[in-house]
Structures are given as C-alpha cells and as structure tokens.
Amino acid sequence: MDEHNPSDPIKKPARKRFAIHGVEILPGETKSLTVNIAKLPSHSSIDVSITISRAIEEGPVLLLSGGLHGDEINGVEIVRRIIEKGLNVPKKGTTICIPIINVYGFIHFSRYVPDGKDVNRSFPGNKNGSLAARVAYFLMNEIIPKIDYGIDFHTGGADRTNYPQVRAMLNDSQNEVLAKAFHAPFTLHSKYRPKSLRQAAGKRDKRIIVYEGGESARFDEFAIQNGIDGALRLMHHLGMTHLNPIPNHPSHFIKKSSWIRAKVSGLLQTKLKSGQFVKKNQVVGFITDPFGEFKSPIKAPVSGFIIGLNNNPILHQGDAIMHIGVGETEPQTS
C-alpha cells in the first residue's frame, strides 16, 4: 500500500454548484439578479429582483421574502434594510433575499395581481398560467428547491394592524424551534392556508415561518425593527451570523384566538392599542351611530392579548373589530 506523502496537497471535497435562473453564485460572492416573469399589455416587464449572498463556509440556505401581497410594505422594508446594512451576508451558508415578490401589486398599492388573484393562494403555480400562477411557479421551481428555511414577511390587511407575531405549524418540531429562535412578541400555531407558499414549501419538506407586523400601505417602525431583530436571532440560531439582538419583550405562545365582531353597524370608539392585555367582560370600546342615537358597548369575550386591531372606525354589522389571542399565561401584575 502506498504511504501518503505529507507534501501532497490534501484534496478537499468539491463544493456544490449553487445557481439561480442559470446564474452561479460562488462561495464568498454576493450577486443581484433580475428575473422577468411576464409582460403586461403595455409591454411593461414584471421582474423579480433577487439578492443572493453565499459564505465561504457551507451551511443552511435561508429565504427572506417580502411583498407577496404587494401592499404589505413593512415586509418589503424589512428585507430592504437587511440588504442595505449588509446583514444578509452570512458567515456560514447562503441567504436569498427577495424584497418584493408581487411587483405588480406593489406598484399599484394592491394585495393582488391584475386579474384579482392572490399570489399566496396560487401555489404551486403554472408556467403558462395567470401572472399570480407564473410568480408562484417561478418560486417553486427556482427558489424553494434551493432553500432549507424561510421567513415570509407580511402585515395585516384591509385597515387592520397586527402586533408583531410569528405564525407557523407548531406541531412540526422544526417550525417550533425556528419560531422560538425568532422570538416575536406573539407566536401562533397556524394551519396551512390552501395553495399558500408556506403549504407548498412544506410539502417539499422546506420550513417557512410567517412574520406579521403592522398594517398594509404604511410603515410601522416598531414592526419593522421587530422583524429585522427576529430574522437576525433566527440566523444566529442557524450559525449564519454573530449578531443576536437581545429581545426586550417576552414571547407569548397563543393557544387560540378569535375576532370580536360588530353586532351592529356604526362607528368604532376605542382607546385600546394592539398588544394590550384585556380581561374577560372588560369594555374594550363602543359602537356609536353617526347621529348620536345609540352607544353600544363592546366586551371582551375572553381574557387575552389584542394581537390584531381594525383601524377603520366605520363598521358594518359583522365586521372584525379586535383579534384576541389567549396566551399560556397572563402577564404578571405588580
């Protein structure tokens, strides 16, 4: 048997090729690319911009995505700041950052695409389908196969604000670990929505958690910073960064939640804010009519946290008013 000569170079295992849409990203590289998805009747291109950063050392591949609903701009800003500050450059592994998935919705201040479809109800998509289906198809064929984990950043919609929270299938132990690492103020067990990105990725054994913070069409600095800090904590847990922001809040696990709905039409009057704790039967607000004829109290059906709040004071009967989450424990009072 031949003895090994110490002067011979030691062969290192070959690195796997990492490429998106035919563009290779080498170890130690950060690349930005633009992928055309479709063209509008005006010949305007609908493109998706992607920033990939690969460390020298191999490790997890993490997707950070925003703007799946085009008007949910807090998520767009979270991913943008992560790129701008270089926080996407990992010490190990690879990050894939997509600030705006639904470009059409973003430029038209809309949740949807031209035909009214929701991209997040169009997975796994169709390469010959509508714009929503084409966007979904691109993600499922070019992005999702490359990742191990993902954070999909969202906000509340339709004048509703969500207090910073993570939603995941917590009966999956890996999702539970990711959610705990993120350490949002609230963590909710959330079943898969049919044809959602999270469901489609889960079917391929990829774990994506959803972060919700603020409301659509407006910046919420508190929600944005919570999203950035949570992403860094999760990256630290995965060994991708040395940064590990210390949370200044507890993380409450929400066992169950429900919306208080308007029993009558009228105007919402409340001084409570999202994130507050309320007691069962506490008056959380009033519904008045525009002509001063009645003032109907709204009572909390359970003790819990306000994790979502309707900011539109004009209510129709049956409209959602407050989203109450019941935690494992009540906050301590002095």
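## Packing of helices H4 and H6

In this predicted model, helix H4 (residues 173-182) and helix H6 (residues 221-237) have axes that come within 7 Å and cross at roughly 125°. H4 and H6 are therefore oblique to each other, and the crossing in which H4 passes H6 is right-handed. Two packed helices are in general described by the angle between their axes and the distance between those axes.

On the H4 side, the contact is formed by Val177, Leu178, Ala181 and Phe182. Their partners in H6 are Asn226, Gly227, Gly230, Ala231, Arg233, Leu234 and His237. The residues of this contact divide into 6 nonpolar, 4 polar and 1 charged.

The loop between H4 and strand S9 (186-189) contains His183. The phi angle of His183 is near 60°, a positive value in a residue other than glycine.

## Strands S3, S4 and S6

Strand S3 (residues 30-39) and S4 run antiparallel and are joined by 9 bridges. Within this pairing, Leu33 stands opposite Ile50 in S4. S4 also pairs with strand S6 (residues 94-98), in the antiparallel sense and over 4 bridges. In that pairing, Ile52 is placed opposite Ile96 in S6.

Strand S4 (residues 45-54) has 7 buried residues among its 10, so it is largely enclosed by the rest of the structure.

## The S3-S4 hairpin and His43

The hairpin of S3 and S4 has 5 residues between the strands. His43 is located in this loop between S3 and S4, and takes a positive phi of about 75° although it is not a glycine. The relative accessible area of His43 is 64%, so this residue is exposed, the cut-off being over 50%.

## Surroundings of Ile20

Ile20 belongs to strand S1 (residues 19-20). Its relative accessibility is 0%, and Ile20 therefore counts as buried. When residues up to four places away in sequence are not counted, Ile20 touches Ile25, Leu33, Ile52, Ile96, Glu142 and Ile143.

## The open sheet S15-S14-S12-S17

An open sheet is formed by 4 strands in the order S15-S14-S12-S17, with antiparallel pairing. Its edge strands are strand S15 (295-299) and strand S17 (314-315), each of which pairs on one side only. Strand S14 (residues 283-288) and S15 run antiparallel and are joined by 5 bridges. Within this pairing, Phe286 stands opposite Pro297 in S15.

## Surroundings of Ala262

Ala262 is found in the loop between strand S11 (252-261) and strand S12 (266-269). With a relative accessible area of 5%, Ala262 is buried, because the limit for that class is under 20%. Leaving aside neighbours within four places in sequence, Ala262 is in contact with Ile287, Leu315, His316, Gln317, Gly318, Asp319 and Ile321.

Ala262 and Ser296 are 34 residues apart in sequence, and the distance between their C-alpha atoms is 9.9 Å.

Phe123 and Pro124 are joined by a cis peptide bond, with omega at about 10°. Pro124 is situated in the loop between helix H2 (103-107) and helix H3 (131-143).

## The chain as a whole

The chain has 6 helices and 18 strands. Its C-alpha trace spans about 95 × 60 × 35 Å along the principal axes. Of the 334 residues in the chain, 50% are buried.

Among contacts in the chain with a separation of 6 or more, 68% are accounted for by residues 24 or more positions apart.

Key:
Residues are numbered from 1 along each chain as its sequence is written. This is a predicted model: local features need pLDDT of at least 70, side-chain atom pairs count only at pLDDT 80 or more; totals for chains, interfaces and linings use all residues. Side-chain values use heavy atoms; hydrogens and water are left out. Axes are lines fitted to C-alpha atoms, for helices over the stretch in contact, and angles run from 0 to 180 degrees between N-to-C directions. Helices (H or I, at least four residues) and strands (E, at least two) are DSSP runs, numbered from the N terminus. Angles under 35 degrees count as roughly parallel, over 145 as roughly antiparallel, 65 to 115 as roughly perpendicular and the rest as oblique. A crossing is left-handed if the near helix is turned anticlockwise from the far one by less than a right angle, and right-handed if clockwise. Contact means heavy atoms within 4.5 Å. Ala, Val, Leu, Ile, Met, Phe, Trp, Tyr, Cys and Pro count as nonpolar, Asp, Glu, Lys and Arg as charged, and the others, Gly among them, as polar. Two strands pair if DSSP finds at least two bridges between them. Buried means under 20% relative accessible area, exposed over 50%, partly exposed in between (1.4 Å probe, protein chains only).
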